[in-house]
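Let's walk through this model together, one region at a time. Keep the sequence and the 3D view side by side as you read.

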Amino acid sequence: MIRRRLLALAFPLLAAWVPAQAQLPEPVASALRSTTIPADALSVLVLRDNQTVLSHLADRPMQPASTMKLVTTLIGLDTLGPVFRGRTELRSNGTLQGDTLKGDLVLRGGADADFSTEALTTMLRSLRYQGIRTIQGRLVLDRQLFNPARIDLGVPPFDESPEAYYNVIPDALLVNKNMLQLDLRANGGRLTISTLPALEGVSVTSDMRLIDADCARWEDGWKLPEALPQADGRIKVVLHGTFPKNCVASYSINVIDRQDYLDRLFRATWTSLGGSIGDTTVDGLTPPDAKLLAEHVSRALPEIVRDTNKPSDNTLARTIFLSLGALEPDPVLGSHPQPGSAVTTFSRADAAVRNWLRAHGIDDTGLVLENGSGLSRLERITPVQMAGVLLAGQRSNWAPEFQASMPIVAIDGTMRRRLHDSPAAGRARMKTGTLKNVVALAGYVPDASGRQCVVVAMINSDLVSNGRGRLVLDTLVDWVARMDGVPLQQP
């Protein structure tokens, strides 16, 4: 009875009753047996024409991994709109005397997903065009759009690679995703390291040993690097581990505190443009009377959503999620802050997601949100709820933008290497999800007659590694893509 009520709430147009548990298709059952993954580790819901084709433990809250990005991105599109843009501003309430700005210069963050060295350089070049050479005041970094402003502080590492890009936790004033790009070249018994961007007072050294090893597996010898403050105020980044001889590799690391990173990037860039600024950099709020001197706006939200779902970008997904709790769309500016509140940005974003779900008839019972990206051991969602989101995505005004953001099976994104020999290739659009103990797929799969099916499948088990869980889910997608005239399940 509870199962029927949940489905009625999630799918008002769903006519067929979904049984508590259904017999899995033989190809899927066979794949489970071959991988020794128990059937009760799998939850599945397949819908066609608002009718149930397959339901297996579909109302059970599961870890979704990165399929949770579908929830965040669709609600972002529906709530913030297709012309929403994050923005970064340079402001000051100082006065210009000759070529000197007398007063603080504020760099104000607005969840600009595209804020980069190039964007900062363009903004600072605009200051030079306005005749400013010397800033006689402090550099104020305003990250206060999000509450708290630094949610990355004090958070334990998600896994053993805290320096990796996928682990970057956003804030409202994140530049280059806080990444330091490394070019590693081993030749003639010597390792040469080049870095981008140039950060004032930051150097990179290495104690990595060169060994005989496969260059394609260079990361096997990588160890966590360190950023070591020096007595003179400089920062020395030290790389550890081993590296293959006669090998070239590129990698990006997040090891420098973002306050240092942005401060040193600003100063290096401003100096390169012939400018000078005082020594003090502080966190702070933008004064109400501060005038706009330069700005940068991100690409429109549909482009950010595409860059979120195709490669499964955690930082972008988290930025969209937090934006739901901090920003409102603005047809002229792209976005502006929501009215001030002591409530945390997460709480407001969580409420925005749940309000949207309820407005679309989707019961949020059992839903657990942590950051909206799926890079979480806490987040939970049922296949029923996820399928409800996908059905709503078909009816959304922004359905083309949403569906275009999803990886095309066997073609691009995180699905580019999968199901090449299946009729799903080039036709299905599926978002992947992977954690150590999770594999998941959610999206749209046309059947053999071209009828669109909503497919959601999640496996939570320690046995999913080494491609075993992926085999089961790919088998399911292939079965859906081949089916034609399969009778609907009956109670």
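The paragraphs below go from a helix pair to two further helices, and then to some loops.

This is a predicted model, in which local features need pLDDT of at least 70 and side-chain atom pairs count only at pLDDT 80 or more, while totals for chains, interfaces and linings use all residues. Residues are numbered from 1 along each chain as its sequence is written, and side-chain values use heavy atoms, leaving out hydrogens and water.

Let's begin with a pair of helices. Helices (H or I, at least four residues) and strands (E, at least two) are DSSP runs, numbered from the N terminus. Two packed helices are described by the angle between their axes and the distance between the axes. Here, the axes of helix 4 (residues 117–129) and helix 5 (residues 258–272) come within 10 Å and cross at roughly 50 degrees. Axes are lines fitted to C-alpha atoms, for helices over the stretch in contact, and angles run from 0 to 180 degrees between N-to-C directions. That makes helix 4 oblique to helix 5; angles under 35 degrees count as roughly parallel, over 145 as roughly antiparallel, 65 to 115 as roughly perpendicular and the rest as oblique. Which residues of helix 4 meet helix 5? They are Thr 117, Leu 120, Thr 121, Leu 124, Leu 127 and Arg 128, and their partners in helix 5 are Leu 265, Phe 266, Thr 269 and Trp 270. Contact means heavy atoms within 4.5 Å.

Next, look at helix 8 (residues 345–359). Helix 8 has 15 residues and reaches 21 Å from its first C-alpha to its last, close to the 21 Å expected at 1.5 Å a residue; the expected span is 1.5 Å times one less than the number of residues. Its buried residues include Ala 349, Val 353, Trp 356 and Leu 357, where buried means under 20% relative accessible area, exposed over 50%, and partly exposed in between (1.4 Å probe, protein chains only). Among the elements covering the buried residues of helix 8 are helix 3 (68–80), helix 7 (314–324) and helix 9 (383–395). After helix 8 comes Gly 361, with a positive phi near 75 degrees.

Helix 11 (residues 468–482) also has its end C-alpha atoms 21 Å apart, in agreement with the 21 Å that its 15 residues should span at 1.5 Å a residue. Because 11 of those 15 residues are buried, helix 11 is largely enclosed by the rest of the structure. Its cover includes helix 2 (26–35), strand 1 (42–48) and strand 23 (452–460).

Now for the loops. Most residues other than glycine have a negative phi, and most peptide bonds are trans. Ala 65, in the loop between strand 2 and helix 3, has a positive phi of about 50 degrees although it is not a glycine. Ala 65 is buried, at a relative accessible area of 1%. Leu 419 has a positive phi near 60 degrees and sits in the loop between helix 10 (399–404) and strand 21.

Finally, is Leu 285 buried or exposed? Leu 285 is exposed, with a relative accessible area of 62%. Its C-alpha atom is separated by 5.3 Å from that of Asp 142, 143 residues apart along the chain.
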